[in-house]
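Visitor: I would like to learn how to read the packing of helices in a model. Could you take me through it step by step?

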Amino acid sequence: MGLREYATTEGGRAATLVAPPFLYALALLALPILAVVLFSFWTQDFMTVDTSFTLANYREILDKPIYTMLLGRSLMVSGIVTLVTVILAFPVAYYVSFHVQPSKKSLWLFLITIPFWTSYLIRVFLWKVILGYNGVINSGLVGAGIIDEPLSFILYNVNAVIITLAHAFAPFAILPIFVALEKIDRSLLEASQDLGESRVTTFFRVTLPLSMPGLVAAVLIVFIPTIGDYVTPELMGGAGGKLIANMIQTQFLQLNNAPLGAALALVAMVCVTAISLVFVGLNRRWLRGR
Amino acid sequence: MTPLIELKGVEKHYGDYHALRGIDLDIRQGEFFSLLGPSGCGKTTLLRTIAGFEAVSSGTIRIDGRDMKGVAANHRPTNMVFQSYAVFPHLSVAENVGFGLRRDPRSKAEKARAVEQALEMVGLGGYGQRRAHALSGGQRQRVALARALILEPKVLLLDEPLSALDKKMREQMQVELIRLQRQVGITFILVTHDQEEALVMSDRIAVMFEGEIGQMADPETLYRRPASKRVAEFIGKMNFLPADVRRDGGAIEVDVAGLGRGAIAAEQAPGGVPVGAATVGLRPETLAILFEGEATDRRVAEGVVDEVVYYGDMTYYDVRVPGVDRPLNIAMKNLIGRPVLDVGTKTRVAWDERALVLLPG
Amino acid sequence: MKKGRSLGTYAVLYLVFLYAPIVLLPLFAFNDATIIAFPLKGFTTQWFEALATNAALLQSLRNSLFIAVMTAIFATLLGMCAARAGAMAEFPGKKGIIGFVMLPLVLPEIIVAVSLLIVLRQVLGLNLNNWSVIAAHTLICTPFSIAILNGAFQNLDPSMEEAAMDLGESRWSAFRLVTLPLVMPGIISSMLIAFTISLDEFIIAFFLTGANPTMPVYIWGLLRFPAQLPVVMALGTILVTLSVVLLVIAEYFRRRGMARAGVKDTGGFL
């Protein structure tokens, strides 16, 4: 079958239709990432780029403790944020899916998603207002006489970054878990109880394994993007709360060292991808091994 | 007279999968023709190649003498009633029925009149202004019919049009479709997996298996003289018995296991006359249980009741006859005074050689 | 059900956590004090008045609106292509291609920002302007458009379009007369979502914005000047209100689309 003929079949038409978004993503995502890879093997001195192949950038990342420290801290923060967000989100998703009347589910989802659609920068800044030295929590606690002096460990450090990110990514965690829970055939739960399991054991033997795809999606959709966020650490992290994304941003926009920035971005991305793949793999094995 | 629709060697392949293999078909003007078969047999694919939604891999389709190769669905003299009805939910009933009249040169008022007439024809007079998504399944079906018929196609294609309706509604629509077809005189091609529906409605039926036509005949021939075991199994119930066939000059003699000898006519072997080991078929209603005191001039075999299924108007018996490994299925009308026998009752079974069908293989 | 009740209490507390920061916005936007802290001082609308006279802010708002509108149009067009292709027949590599187009959904935004910056500035040597932001925003909004439009296209009975063709319409007019009206709610919903995302996006815009900053980039600058913070609060209040209104409209159209396609509503966005 010739190409021209193929284009008139259903499959051919679908392939033709998918071409524009595919080519767009190819041109603006795949090729640029390829360019990042190339750049990471080059060097730059102010405005001039030296295109001879070198591993200098990667060597520098390995040699200077600041980079590995930032990377480690970033991965840790992302990991904790993911854990906190998903654990906090699961009961909410479970409640909406299993205990809210079907007619009110949309309203709940709507309420959950609305904060997510309000300006991210301003939301982060508002957490500063809440957690700050003269912030809502401190003035409230001092006013109530619970503490004498404002707490200082809740702003300008890693804790503040974690709280703010956990808030920002909440809907991202709730939605996939909710979708997975909704897909569970309710008669499966009745079947499990009919076969002698209690509500609690039914949850662990039926509900939880069946909601795993949603949980995995939630974990990935929170873990991966948090690595790339430099707004929250910049505003909330203080000196000790900076993350790898701040360093990437600095290399690109302030130090004009695009090759080193590119190498840092790639290393961060590879780490995130590797951890994600390991997580997905372990999860699959756990599900199968049961 | 040349047929209205003429299919020659039509094949349809999806990669290695052969959905249609060498279909030859002639359908006459004004005929109610059915494509009958189990799901996946290619009947819907065949209908869609006639409608122009699927291109044939090889072979030709002619409608009214014109080769349909390269003619798109919107330029073919066919219209279709879809299985899902595909009534446009964003339009009113009248807008749905008038959808195909967009390029019609008639005036608006004339078109409106045509729409109303079409709606009356399907029993939906006065429904024009209703929203389509507020209609019941049966009403949607009628809208889909009116929408197709208003264009006066040469052929109306119906893809399992009754499968989404409940039993009562289905039976009512069967009668209405027959009436409608006689009234408009348009050729109907119906796709169905329901053998009863095909028997009730059609002038002729093509039974399809795995992309091929197994047999093409009028309903009575198809029922009484199936050409193969497969067709016989698919349409109605049939007892299959091993038999030995001998030809003696013009006469065909069969020795049926468990029942005995009989002579059959050539027309009782539509699939050809094999010699030696063969299979014969007997419909349950051509067999009869002889109740106590009943006499018959037909041939008789002895048996024991193995299973009784009571249907109200009928009772189906499975009767074990020595020499046959599967019990004979017998349908008896529950006439006044007839008892329903118990399992284990010894009984006599009357059979008739004229009801035998000789099947190849 | 006892279990349901304690879960419900938890869910409500969670909502309080979600809304805690946003509730503060209007409080400080109307608070008659330069310092963002409790206790509140008094009611004023001066911060909103200051907004209206801030030329640089209005310019950045205009930029952001232009970028958001363009992004909404391009992302929805690309999303329609992909969603329709996804609802149509199979073709080789379909899953991989659609998955690739959806990739920006799970990619750290900084990667998108960095890679586009390298290509535009270093490889192509172009100057950054609104169009560089539009290009990047279209890339990250397309997956959202696809997700929304997938619902619209997959709920569509494929025989609808065939029926229109069977009744004499060409492929294109069948699409225009039947499919387009039926998926229109999804299209509007997709455009509103893409618009909202683009209007609010900062991480990428900060890298790719040209001489004229977008509104979030301008706000970022303001955050460093304490005296400007109440103005930011006023702006935030307006933005939140605008987002909620747009979302309500988007949700309304999405549900209407579901109702049109005769599907029972099963959930929200994504």
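Visitor: How are H4(A) and H9(A) oriented to each other?

Guide: Please keep in mind that this is a predicted model, where local features need pLDDT of at least 70, side-chain atom pairs count only at pLDDT 80 or more, and totals for chains, interfaces and linings use all residues. Residues are numbered from 1 along each chain as its sequence is written, while chains are lettered from A and ligands numbered from 1 in the order in which they are written. Angles under 35 degrees count as roughly parallel, over 145 as roughly antiparallel, 65 to 115 as roughly perpendicular and the rest as oblique. The axes of helix H4 (residues 65-98) and helix H9 (residues 170-183), both of chain A, cross at roughly 45° and come within 8 Å, and H4(A) and H9(A) are therefore oblique to each other.

Visitor: Which residues of H9(A) make the contact with H4(A)?

Guide: Two residues are in contact if their C-beta atoms, placed from the backbone, lie within 7 Å. On H9(A) they are A:Ala170, A:Ala173, A:Ile174, A:Ile177, A:Phe178, A:Leu181 and A:Glu182, and those of H4(A) include A:Phe90 and A:Tyr94.

Visitor: And how are H9(A) and H12(A) oriented to each other?

Guide: H9(A) and helix H12 (residues 212-227) of chain A pack with their axes 7 Å apart, at an angle of about 165°, and they are therefore roughly antiparallel to each other. Among the residues that meet there are A:Ala173 and A:Ile177 in H9(A), and A:Gly214 and A:Ile221 in H12(A).

Key: Axes are lines fitted to C-alpha atoms, for helices over the stretch in contact, and angles run from 0 to 180 degrees between N-to-C directions. Helices (H or I, at least four residues) and strands (E, at least two) are DSSP runs, numbered from the N terminus.
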